[in-house]
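Open the model in your viewer and colour it by chain.

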Amino acid sequence: MNKKEFLEKLDKALIGIPKDEKKEVMRDYEDHFSIGSEKGRTEEEIAKSLGDPASLVKTIKAEYTITRAKREPGIKNIFRATIAVAGLGLFNLIFVLIPLIIAVELLFAAYIVAVVFIAVPFLMLAYPTSVSILSGDTPTWMVVAGLHIIGDVLLVVLLYLTKGFYRLILAYLQMNIKIIKGE
Amino acid sequence: MNIQIKKGVIEVCVFAILSKKDCYGYELAETISSHIEISEGTIYPLLRRLTKEGYFTTYLRESSEGPPRKYYKITGQGIEYKKSLLKDWNDLTKGVIELIEECERDE
């Protein structure tokens, strides 16, 4: 493989990486070839010592998506990072992606509960006839206020949980990148 | 060499070299592969990540021939990290060597 072939393979495989990032990555390898040539090595020798472009790209993509997820927090970016890591091996697809999906769903369900609890007093004010609460002997307003407070507390707890969960996932993914096979 | 071991080893080597002097990517790859067999291409994703994590900064310097070289310079945070990394590495290798010696003595 010569310089042109190596760079073309790399360029093709780097699909999905933003232009600026891709340009910088390509630049690193182009420079590597130029410097190697100056030192008297042939293009073939340099390409061989660099390694297989397709497997280099796997590492590049996984590293890229994780650093981005760290810089720009968001579920979308975490999922991208997870899938990139999962792409390095089937083991990770099963053991990273599925627990992650379940955890996200549980968090989502808990948020809905919190929001409904918080909304109860307002719903009762807005629709006094259609919302009824089984309160037994306790005055209804107490039960409603209680639910509202529980909802508030739950929401705060959830926000902290989400934050912690997010950090945990990122740390776990980074650990995976280092451990996982795929040169 | 086993790929998983090698990846950690390359990181140790990069920190060891950069804490002595600033280097450009090719230089790092050349220095490391003169001691151990590696896929030199893996050094660039590693350098990008460690730079983004704040352990290194980069600057460009003109070269007498060819393109300007992108130099990597270790940061204060990088020096701290290098200390703990080298300590881990020394503990690990010492432990493994001791273990191997013990096993061979028993034979």
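Select chain A and chain B together: 12 residue pairs are in polar contact between them, both residues at pLDDT 80 or more. A polar contact is a pair of N or O atoms within 3.5 Å; within protein, one must be able to donate a hydrogen and the other to accept it, and residues adjacent in sequence count only if both atoms are side-chain atoms. On the chain A side, the elements that give two or more residues are α2, α3 (43-50), α4 (53-71) and α7 (140-179). Helices (H or I, at least four residues) and strands (E, at least two) are DSSP runs, numbered from the N terminus. The largest share of that side, 12 residues, comes from α2(A). By type, the side divides into 10 nonpolar, 9 polar and 14 charged residues. Here Ala, Val, Leu, Ile, Met, Phe, Trp, Tyr, Cys and Pro count as nonpolar, Asp, Glu, Lys and Arg as charged, and the others, Gly among them, as polar.

This is a predicted model: local features need pLDDT of at least 70, side-chain atom pairs count only at pLDDT 80 or more, and totals for chains, interfaces and linings use all residues; side-chain values use heavy atoms, with hydrogens and water left out. Residues are numbered from 1 along each chain as its sequence is written, while chains are lettered from A and ligands numbered from 1 in the order in which they are written.

Stay at the interface. In contact (heavy atoms within 4.5 Å) are 33 residues of chain A and 27 residues of chain B. The buried area, meaning accessible area (1.4 Å probe) lost on putting the two parts together, summed over both, is about 2,700 Å², and carbon and sulfur atoms give 50% of it. The rule finds 8 salt bridges across it, each a side-chain nitrogen of Lys or Arg within 4 Å of a carboxyl oxygen of Asp or Glu. Pick B:R48 and A:E24: their side chains meet in a salt bridge at 3.4 Å, N to O.

Next, select A:D31, in helix α2 of chain A. Other buried residues of α2(A) include A:V25, A:Y29 and A:F33. Just after α2(A), A:G40 takes a positive phi of about 90 degrees.

Finish on chain B. It has 4 helices and 3 strands, running α-β-α-α-β-β-α from the N terminus. Of its 107 residues, 40% count as buried.

Note on methods: Buried means under 20% relative accessible area, exposed over 50%, partly exposed in between (1.4 Å probe, protein chains only).
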